[in-house]
Each structure stands twice: as C-alpha cells, then as structure tokens.
Amino acid sequence: MDIPALQRRLRHFAAERDWQPYQTPKNLAMAMTVEAAELLEIFQWLTPEQSQALGEDQRRHLGEELSDVLLYLVQIADHAGVDLDAAVERKLAMNALKHPPKHASAKP
C-alpha cells in the first residue's frame, strides 16, 4: 500500500466535499474511535472460535470496518505531519527490544 498516495487521494476526496475545516487530528481521532467501536461490535458476543471462523458476509463487513479505521488513521498521520512508514519502523524496532524472542532462532 502506497501510504502517501492514499493520503493524497483522501485529501482530494475531502477537498471536493469542503471537509477540510473538520479534518483536524482531534476530529479524525474521535471518528476513528467510533469506527473502532463498530469494528469491535462485529465480535461482541462471539466466542473465540466463532471470531476465527467468520462467514463471508461477516468478513466483508469486517473489511469495511477495518478500512474505516485505517483511512482515519492515515488521515490523522497526514494532518499531524507523522511519517507513518518511519513511525512503524521505529515502533517495530522498539517492540523488538522490549520483547526479545524467547529463543535466538525464533523468527516472526
């Protein structure tokens, strides 16, 4: 996925609708939280086993909600001036230090 290209598409989409005044990091984070709750709702009363065996319609709905969360996340980064590629690499490196493998030969 080309994050900068996606950010450009989202900026253009918002500009065509005059949404720029509302596209603040705070507002986008709030909207992302609402979408994350909708994502959680899919799994709300499922057993762990059921959550791993979603039907076709459930997977389609899951994909829609995951996309909503991702799109808001990408917009937050764009409007806040965060380079997501660099931030992800930094966080993965930090996690590797914080949580070293149990065995030297362990691979992800």
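Ile-3, Leu-6, Leu-10, Val-74, Ala-77 and Leu-84 form the largest nonpolar core, six residues in all. Two elements give two or more residues to this core: helix H1 (3-16) and helix H4 (56-80). H1 hands over the largest share, three residues. A nonpolar core here is a set of buried Ala, Val, Leu, Ile, Met, Phe, Trp, Tyr and Cys residues joined through side-chain atoms within 4.5 Å; buried means under 20% relative accessible area with a 1.4 Å probe, protein chains only.

This is a predicted model: local features need pLDDT of at least 70, side-chain atom pairs count only at pLDDT 80 or more, and totals for chains, interfaces and linings use all residues. Residues are numbered from 1 along each chain as its sequence is written, and side-chain values use heavy atoms, leaving out hydrogens and water.

Back to Leu-6: leaving aside neighbours within four places in sequence, Leu-6 is in contact (heavy atoms within 4.5 Å) with Met-1, Leu-71 and Val-74.

Zooming out, the protein has five helices and zero strands, with helices being DSSP runs of H or I, at least four residues, and strands runs of E, at least two. Some whole-protein values:

| Property | Value |
|---|---|
| Radius of gyration of the protein | 17 Å |
| C-alpha box along the principal axes | roughly 50 × 35 × 25 Å |

A compact globule of 108 residues would have a radius of gyration near 13 Å, taken over C-alpha atoms by the rule 2.2 Å times the number of residues to the power 0.38. Of the 108 residues, 19% count as buried.

How values were computed
Buried < 20%, exposed > 50% of the residue type's maximum accessible area, 1.4 Å probe, protein only.
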